[in-house]
2 protein chains.
Amino acid sequence: MANTTHPHKERIYLEGSTPAIQVPFTSLTLSNGEKLLLSTVEGAGTSPLPKVRAPFVKSSAGGRKRTQLECAKAGIITEEMEYAAIRESYAYGDGMAFTPETVLKEIAAGRAVLPCNRMHPECEPMVIGKKFSVKVNANIGASAVSSGYAEEIAKLHLALKHGADTVMDLSTGIDDLMGLRQAMLGASPVPIGTVPMYEALDRAHGDINALTWEVFRDTVRDQARQGVDYFTIHAGLLQEYLPYAAERILGIVSRGGSIMATCMLRREEENMAYTHFDELLEICREYDVALSLGDGLRPGAIHDACDKAQYGELKTIGQLAKRCFEAGVQCFIEGPGHVPLNRVAENQALEDEYCHEAPFYTLGPLVTDIAPGYDHITSAIGGAQIAACGTSMLCYVTPSEHLALPTPEDVKVGLITYKLAAHAADIAKGLPGATARDDAMSRARADFRWYDQFALSLDEEHALAVWKSQMPENCGHEPSFCSMCGPRFCPIRTNRVLKEKFNVR
Amino acid sequence: MANTTHPHKERIYLEGSTPAIQVPFTSLTLSNGEKLLLSTVEGAGTSPLPKVRAPFVKSSAGGRKRTQLECAKAGIITEEMEYAAIRESYAYGDGMAFTPETVLKEIAAGRAVLPCNRMHPECEPMVIGKKFSVKVNANIGASAVSSGYAEEIAKLHLALKHGADTVMDLSTGIDDLMGLRQAMLGASPVPIGTVPMYEALDRAHGDINALTWEVFRDTVRDQARQGVDYFTIHAGLLQEYLPYAAERILGIVSRGGSIMATCMLRREEENMAYTHFDELLEICREYDVALSLGDGLRPGAIHDACDKAQYGELKTIGQLAKRCFEAGVQCFIEGPGHVPLNRVAENQALEDEYCHEAPFYTLGPLVTDIAPGYDHITSAIGGAQIAACGTSMLCYVTPSEHLALPTPEDVKVGLITYKLAAHAADIAKGLPGATARDDAMSRARADFRWYDQFALSLDEEHALAVWKSQMPENCGHEPSFCSMCGPRFCPIRTNRVLKEKFNVR
């Protein structure tokens, strides 16, 4: 039964309605001839990246200096929308399950975003929204205490290799933040997000008094010009919510939110991102930067979840989302955090209600506080659940959450964990073709096609290594048993008898 | 703010209504004086274990040769029930949230089991049922291909250290199965479960034709005499369901179920555990072995979930559960397996309906098939969810599932993963005091009490090691920052300002 043909992978391109639209996929051919398409991005890790969007930005639709949202409202299908529709449709190998019209419709309704700063031509268009596959963001970034420039680019490549759909650069406290970011943008085929407040605080040399609206605004503008695809801005954290946050065990745990709150407390003024929100919208509209409306009051403890601070801010964020929509600026909504499992669904339901179904983008949520070192798992439990309820993108949490900055190994483990959680949610949502890869895996298991199983795994190298570690040497290329049951009795072999008996297949 | 007092742990005993009832706990005193009780078992890893149940078995209630179920039906509170009630009540430090009467009532209704073979005096009574905290089982066991005697005892100690509530010995294919099991029973303060069919097949030297009812029955009786606390027996896998299993991609993946099905196919006879079920009940009643009614047709693939094979067998198991109940034999119900996240709740609901709310005991379920090497996570997502819906015990899945036998490191990671999933479900179920440890953790985070955080962690050593790996040397004993944000700006410090501002605490 064992066979000796190895599965193989190759890069292919699916062409859109014009030759300029070439969407990369990995075509996987299994040893029995079965074929699957797997999502990928162009040149992950290679340098320099092709500027795939350059022709779109110059084209009649793209050159218009209109945002994707403005085009969608006007009924114009951009090249980006078509590109994203092809990626989305074939991600699960189910043909054109999603048409460019669907992408347009979802963006026009504010239920989806296509983050692509017109200054980031390397960015391969992708769409985030509840109708589509669940996306995963990886946070990376240097800090004053740990990590440097080269390691962060290496982490970016690692994140791309393991399927990050977007990457946030959270670098702070290093000498050349702008330079690092420029390098990241040039090396990234996925949208890059930032929290501009981090750099603003650095520009103010850590002095809250020097962190004025002008410094913050200039930082936002400079980052938009660089090509950042989305900004986390904590504009919904208002003075009226601070007393509720003070009642918590852990108060404010969002770093950006905390910086903003410190400005508000020190100067006794309202949130400057809120009072100057129209100016921020103007910058975002000009470059088509999407706004990720940050939850500065996300709960950092099970105890603090679902309180007046969190839900009050969410309501304000919903009002800001409406203003984004009216201004033609794409936006999505950040969510928790730490939430008990029985209140996860409620978080999605309230986001839908308050924020008009703008895409929800959550950090987990973590469903208990007592597992530091394993918080990728604690948070993937909540993440899979909320994504099954409609959350569009999950921000990964790595094993070092609450303890340290992620190492490269943490980045990998965090991503694989979140890719499996997102995929579980895609299956739960019933996306067309979502189980194709699972079913191919199950068939490979039934046939003892071990190398096909590895090729279908989210972490091929690791699965192979674990399997090899216990197989006896010289037991043949693909033995018809495994170390779990050993050669004497194997349920899988019994199933062949069963199928013969009942004439199946 | 940092302080230099280390938290410390000590063993204490809570006494029941007689001095013979002494329930061990770990008393944790944090550096700020806060105290918590943590569940533990006697002498985990030490040898020989005290025979804590010896006086109970000899007492008027215990010596009666009645099962816990028979006592409960007769309104007799056994020492075991009282012991279990104390464990359960103080597991979350909430005083007598669960009285012995509650334990009796749940057992008498068939909604809970207290597995304790009268020949296993080292077994510290514990109760499994939806009203109580979610339990975690660890599977260990030697096989012909991998692992030996000494390593399995070491795995047992490791499982106890990391909080296994029960342990299943799945050893097969080694020379001295009985001897290994006897050693495990003597070393185990938690209930030990087995799948007697494994040993029966070994006794038949792997020859299905020699695997007769008599061989199987004798194996069951011998293991009952040894002191095994619960048996997985696949008595619900009937001929009528085999055609449905043949239609699956992965047919039968339960090893015990597959052996039984092979007997049924080879001899064209009905399931012998079903036809001789009354004889099995007689053996179990005599020793008070609980029956874990096995799901021989549990789905092994997302594709195969929730089909006629699985649900048909579940209905038959429900009928068998009724027969157990009438015969005074405690029973619980095994469940899947591989199930998409959107159908997890349905599995618990059907089990409640078909099986009269007998405790459900599931293996995960895994919510996708494509993450070998990470299936502890894939399954913890489904496990936390189904436990929040009412499943009473989760069988852990280790990182090597589908690839190899678990290594000691896998046993540890599998357990921590499942302890966190079970705890998340306890919080979701709203068990009294369930968040006490989480809240203590959050307070320790707010105060930068790092060593208190580690002491409160499910894996103290690991959390400490990750944290230490990135802290600058000579930064003091407990620095008021961490490597995530560095010393310059820390949200946690801002929260102190917030609390002062609004006069909180």
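I count a polar contact as a pair of N or O atoms within 3.5 Å; within protein, one must be able to donate a hydrogen and the other to accept it, and residues adjacent in sequence count only if both atoms are side-chain atoms.

This is a predicted model, in which local features need pLDDT of at least 70, side-chain atom pairs count only at pLDDT 80 or more, and totals for chains, interfaces and linings use all residues. Residues are numbered from 1 along each chain as its sequence is written, chains are lettered from A in the order in which they are written, and side-chain values use heavy atoms, with hydrogens and water left out.

**Entry: B:H120**

I started with the side chain of B:H120, which reaches the backbone oxygen of B:S188 at 2.9 Å. I found B:H120 in the loop between β4 (112–113) and β5 (128–129) of chain B (strands are DSSP runs of E, at least two residues, numbered from the N terminus). Is B:H120 buried or exposed? It counts as buried, at 1% relative accessibility (buried means under 20% relative accessible area, with a 1.4 Å probe and protein chains only).

**Entry: B:P24**

Next I looked up B:P24, which sits in strand β2 (residues 22–29) of chain B. B:P24 also counts as buried, at 2% relative accessibility. I noted 6.4 Å between the C-alpha atoms of B:P24 and B:T40, which are 16 residues apart along the chain.

**Entry: the two chains**

Last, I checked how chain B superposes on chain A: a rotation of 180° with 0.0 Å of shift along its axis does it, at RMSD 0.0 Å (least squares on the C-alpha atoms of residues with pLDDT of at least 70 in both copies). The two copies are thus related as by a two-fold rotation axis. In chain B, the C-alpha of B:I381 is the nearest to that axis, 2.3 Å from it.

Notes
Helix = DSSP H or I, 4+ residues; strand = E, 2+ residues; numbered from the N terminus. Buried < 20%, exposed > 50% of the residue type's maximum accessible area, 1.4 Å probe, protein only.
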